[in-house]
Amino acid sequence: MRPVRVRDPIHNFVELEPAEVAAIDSPVFQRLRGIKQLAMTNLVYPGALHTRFEHSLGVCHIAGKLADELELDPDLRRVVRAAALLHDVGHGPFSHVSEAVLDIRAGVSNVHEAISVAIMHGDKHLHAALGEDVCKRAADLVGHKGEFSVRTVARDIVSGPSDADKLDYLLRDSYFAGVNYGKYDLNRLLDTATVIKDGPQTQLGFEADGVWAVEGLLLARHHMHRQVYGHKTRVATDIMVQRALALGIDEGAINADAFTVPVDQGRPTPTPTFLERYLENDDATVMRHLLTQNDATDSRDMAERLATRRLFRRYAHVSLEDMRGSLGGPRLGRLLDPERMASKIPDLEAAIATDLDCPAHHVALKIEEPGNPVHRNPGAGIGPKDILLKFDDREPDLIEETSEIFRNATEPNKRFASVYLAKTDATTDDKVKDLLCRILMTV
């Protein structure tokens, strides 16, 4: 049967094999229509209403293009496209925003990825559409298991430093947010894609004359993280959604069993019972549960504020490096320790709330580290997040060692402490900043 052509605003036409169309028509994949790609970013960029559904089609499309360019074996190409199509099938409501809640409740990380893998292993509709063997190999590819436990170019296409996921979401998020920051030359990247061998391993790289396209990709990531993903009001919406979900579980508005993945020997182990409850939820069902509570709960308050766009505002934002002299090295180290701070932040938020005479759930303290794509530790070896260029006359080399823009860039990532609050006329930025600096001295 001939491929099915689907209109797409980013790629014009996305071609899908009949088996892939059958997988897309499965209930577990159709659920992605109800999960927005960027959670509630539409409260900042009104057009950002696109979902994980169309993004997944785009990732499959680009993965297929890369597989064709690199002349992958047809069976492997089928697995790569399946993995790309299904890589987000385990996302929870509001996409990445719910990940922290899942991880915290399970006490482990990468829970949503484990859910995607479990779905690929066990969903009968996907097996009927794509074949059980393809689904299981795709699950291994996403989970870096079995034949894909070592780095391969196939693995890089699905989850690598320049994978099909990034290549689609930058263009798609930029388009729907109405900004130009995420644009780069996709066609040139595809044209210059190549396989780089490193002993028994292979990885996705680019020919040396594609350096400018790779630079464009890195700059697009940088600008999107600064202007869209890291926008202070978008961060505020993420905090509020996450808090509404966590409070809703604690207060009984949302089924805790649907967000508490079983753990076995320190690893998330989604069971069929868990998956059945988990997959009942998308953005709309969670908001409905929160907004229809009879009692005036904290979670309902958060949901109502989101529904009416009464958002938190960032009142204080201080550089921890600039405070190094007053904080001292040991205290700064404690502030930059995520595990330690995870247990300390609720108490610090409560102290801020007491001082400002406001409800504790209206206060959010966040230690932020905006990513810097030009940063590289001097002397660091080649790692799994590095992009390599291939040359005719010498060994492959890092983009940072070749690019005129990124060469020898060692400026470190900066870390900040921020306080987000429910808006109030009685609180000033200077007052919150002074309070934040005093609170940090207690860590």
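Close-up 1. At 0% relative accessibility, His-55 counts as buried, because the cut-off for buried is under 20%. The model shown here and in every other view is predicted. His-55 lies in helix H3. Leaving aside residues up to four places away in sequence, His-55 touches Gln-37, His-87, Asp-88, Asp-165, Asp-168, Tyr-169 and Arg-172. Two of these partners, Asp-168 and Arg-172, return in the next two views.

**Close-up 2. Helix H3 crosses helix H10.** H3 spans residues 52-69. H10 spans residues 164-177. The two axes come within 8 Å and cross at roughly 130 degrees. H3 and H10 are therefore oblique to each other. The crossing of H3 past H10 is right-handed. On the H3 side, the contact is made by Glu-54, His-55, Gly-58, Val-59, Ile-62, Ala-63 and Leu-66. On the H10 side, Ala-164, Asp-165, Leu-167, Asp-168, Tyr-169 and Arg-172 take part. By class, this contact has seven nonpolar, two polar and four charged residues.

Close-up 3. Why are Asp-168 and Arg-172 separated by about one helical turn? Because they are four residues apart in H10. An α-helix has 3.6 residues a turn, so residues three or four places apart point the same way. Asp-168 is buried, and Arg-172 is buried too. The pair also belongs to a network of salt bridges that links Asp-8, Asp-168 and Arg-172. Both Asp-168 and Arg-172 are contact residues of H10 against H3. Both also touch His-55.

**Close-up 4. Asp-209 and Arg-188 form a salt bridge between distant parts of the chain.** The side chains meet at 3.6 Å, N to O. Asp-209 sits in the loop between strand S4 (201-207) and helix H12 (211-229). Arg-188 belongs to helix H11, residues 186-192. The partners are 21 residues apart. Buried or exposed, or in between? Asp-209 has a relative accessible area of 45% and is partly exposed. Arg-188 is partly exposed as well, at 32%. By the rule used, the count comes to 22 salt bridges.

**Close-up 5. Glu-304 and Arg-300 pair along helix H16.** Their side chains meet in a salt bridge of 2.8 Å, N to O. Both residues lie in H16, four residues apart, about one turn of the helix. Glu-304 counts as partly exposed, at 27% relative accessibility. Arg-300 counts as partly exposed at 22%.

**Close-up 6. Helix H15 packs against helix H16.** The axes of H15 and H16 come within 8 Å and cross at roughly 120 degrees. That makes H15 oblique to H16. The crossing is left-handed. Which residues of H15 meet H16? They are Met-287, Leu-290 and Leu-291. Their partners in H16 are Ser-299, Arg-300, Ala-303, Glu-304 and Ala-307. The contact residues divide into five nonpolar, one polar and two charged. Arg-300 and Glu-304, the salt-bridge pair of the previous view, are part of this contact.

**Close-up 7. Several elements cover the buried residues of helix H16.** H16 runs over residues 298-307. Its buried residues are Ser-299, Asp-301, Met-302, Ala-303, Arg-305 and Leu-306. Just after H16, Arg-309 takes a positive phi of about 55 degrees.

**Close-up 8. Asp-430 is an exposed residue of helix H21.** Asp-430 lies in H21, residues 429-440. Its relative accessible area is 58%, which means exposed, since the cut-off for exposed is over 50%. How many residues separate Asp-430 from Met-224 in sequence? The separation is 206 residues. In space, Asp-430 and Met-224 are 29 Å apart, C-alpha to C-alpha.

Conventions: Residues numbered from 1 in each chain as written. Predicted model: local features only at pLDDT ≥ 70, side-chain atom pairs only at ≥ 80, totals over all residues. Heavy atoms only, no water. Buried < 20%, exposed > 50% of the residue type's maximum accessible area, 1.4 Å probe, protein only. Helix = DSSP H or I, 4+ residues; strand = E, 2+ residues; numbered from the N terminus. Salt bridge = Lys/Arg side-chain N within 4 Å of Asp/Glu carboxyl O. Axes fitted to C-alpha atoms, helices over the stretch in contact; angles between N-to-C directions. Parallel < 35°, antiparallel > 145°, perpendicular 65-115°, else oblique. Left-handed = near helix turned anticlockwise from the far one by under 90°. Contact = heavy atoms within 4.5 Å. Nonpolar A, V, L, I, M, F, W, Y, C, P; charged D, E, K, R; others polar.
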